[in-house]
Amino acid sequence: MTQTSEAAATAEDNRPIKKHRPRRSRTVSLHRAWFVAAVAFVTITGAAAFRSLPGLLIDPLHEEFGWSRGTIGAAVSINLALYGLTAPFAAALMDRFGIRRVVAAALTLISIGSGLTVWMTAAWQLLLCWGLLVGLGTGSMALAFAATVTNRWFTERRGLVTGILTAASASGQLIFLPLLSWMITRLDDWRPAAVTVSLAALAVVPLVWLLLRDHPADVGVKPYGATEFVPKPDPVQGAARRAVKVLFSAARTGPFWLLAGTFAICGASTNGLVQTHFVPAAHDHGMPVTAAASLLAVIGVFDVAGTVFSGWLTDRFEPRRLLAVYYALRGVSLLFLPMLLAPSVHPPMIFFIVFYGLDWVATVPPTVALCREQYGDDSAIVFGWVLASHQVGAALVAVLGGVARDVFGTYDMVWYASGALCAAAALMSLVIRRRTAPVPVAA
């Protein structure tokens, strides 16, 4: 009996001991970079409210004050030009004072500029409020802001994040265009729409100040996808001097001029042409303003999908070829647009809206990727100058489109010219030389 018990005890002692592994937590922590990207998305969406307004107010301002469409287009032109020319300096200011301070100040400036328009009585006041104040504010909230956030907070998924943040502007258009067009039509007054834009920009300021952070090191984390902790760099002195120095250095390289040229055509065919003149052009053919504005908003729906998808493609395919395809398809669609405008919305017009929406700012992720490839740490500022060319192109077509309408009584010539320019941009994209390693532009 005793031997049996001892044997059993020995056998029991020799059994393999089961190790109790700690249960894995099913909670998945989301990297702080994605929260920063979300705040940036909401911020750009709120700032984009003004981008929905100019096309809706060309006819109301013309009817109330008697200003020519060329004069109104000049205010839009100043706004678009400053939107681009401010961007590189804003990127440098973000390196000097931080993202949060610059963005909060920009949103406040947009709110003031849009709010003051309700008291204007002369054309010079339109140029001051729409052109100068809002132009400076939106310029500081331009795509250079998205490029700065992406470069600082992400080392992986940069193309995707760039696409998402670029789509934020289209999301703002999607939200505000139907609302603002309904207000103008229903209330028979453009001023409530201007006040709405002012309040939308102001409402985002507390969100930026409380939640946006300048650098991953501020919260003690690594950039998303990074293997090592990145210390926060010291503030860069002389923001304006640095922006100009980067411009002169980049201007000595061929890829800069090709990128600037293609992006100028991009701005001319989107912000300057379609966003500013599509609604009045459709109204010229008998289409109600609310219907035309709704079509422009639908462009924003597909713009979001197209830009995010373009960012995904940019992470996987050659950005030069993507740009060539985007510009070629855009040019073809613009050549067909004059034949599609009619008093009512029909299937071919719906097809154009969907197609154009997918292509609207799909050019941004590959352009940012090429700037990063060519110019390394200075790529955000270089992209700011490339964006400046985008807005100069947009500004020229915004005013020339209005002048063409006043002179010829139709927008057809502008559609055809823009289509031809897009074909040229497709060819320019293909000749940008490839650089295997980024080279810093300015020391």
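The model is predicted: local features need pLDDT of at least 70, side-chain atom pairs count only at pLDDT 80 or more, and totals for chains, interfaces and linings use all residues. Residues are numbered from 1 along each chain as its sequence is written, and side-chain values use heavy atoms, with hydrogens and water left out.

R191 meets the side chain of E64 in a salt bridge, at 2.7 Å from N to O. A salt bridge here is a side-chain nitrogen of Lys or Arg within 4 Å of a carboxyl oxygen of Asp or Glu. E64 is partly exposed as well, at 40% relative accessibility. A network of salt bridges links E64 and R191 with D189.

# Overall make-up

The protein has 443 residues, and 55% of them count as buried. It holds 19 helices and zero strands; helices (H or I, at least four residues) and strands (E, at least two) are DSSP runs, numbered from the N terminus. The accessible surface comes to about 19,400 Å², and carbon and sulfur atoms account for 65% of it. Accessible areas are from the Shrake-Rupley method with a 1.4 Å probe, and for residues only the protein chains shown count as cover.

Of the contacts between residues at least 6 apart in sequence, 84% join residues at least 24 apart. A contact means heavy atoms within 4.5 Å.

# Other salt bridges

Six salt bridges are found in a search of the whole structure. In one of them, the side chains of D284 and R405 meet at 2.6 Å, N to O. This pair also links distant parts of the chain, with D284 in helix 13 (residues 271–284) and R405 in helix 18, 121 residues apart.

R330 and D359 form another salt bridge, and their closest N and O atoms are 2.9 Å apart. Because R330 lies in helix 15 and D359 in helix 16 (residues 347–359), the pair ties together parts 29 residues apart in sequence. R330 is buried, with a relative accessible area of 0%, and D359 counts as buried at 6%.

# Nonpolar cores

The largest nonpolar core has 92 residues, and those touching the most other members are L61, W130, V274, F278, M349 and W415. Helix 18 (residues 379–408) gives the largest share of this core, 13 residues. Apart from it lies another core of 29 residues, including V103, A106, I110 and L212. Such a core is a set of buried Ala, Val, Leu, Ile, Met, Phe, Trp, Tyr and Cys residues joined through side-chain atoms within 4.5 Å.

With residues up to four places away in sequence left out, F278 touches L273, A292, L295, L296, L337, L341, M349, I353 and W415.

Helix 6 (residues 99–116) has 18 residues and reaches 26 Å from its first C-alpha to its last, close to the expected 26 Å. The expected span is 1.5 Å times one less than the number of residues. The buried residues of helix 6 are I99, V102, V103, A104, A106, L107, I110, S111, G113, S114 and G115.

T121 is in the loop between helix 6 and helix 7 (123–140), and its relative accessibility of 60% makes it exposed. T121 touches F65 and W67, not counting residues up to four places away in sequence. T121 and F65 are 56 residues apart in sequence, with 7.7 Å between their C-alpha atoms.

# Nonpolar surface patch

V332, L335, F336, M339 and Y416 form a nonpolar patch on the surface, with about 500 Å² of accessible area together. Patches are made of residues with over 30% relative accessible area and no salt bridge, like charges being joined within 9 Å and nonpolar side chains (Val, Leu, Ile, Met, Phe, Trp, Tyr) within 5 Å. Helix 15 (residues 319–340) supplies the largest share of the patch, four residues. V332 is in helix 15 and counts as partly exposed, at 46% relative accessibility.

Key
Buried < 20%, exposed > 50% of the residue type's maximum accessible area, 1.4 Å probe, protein only.
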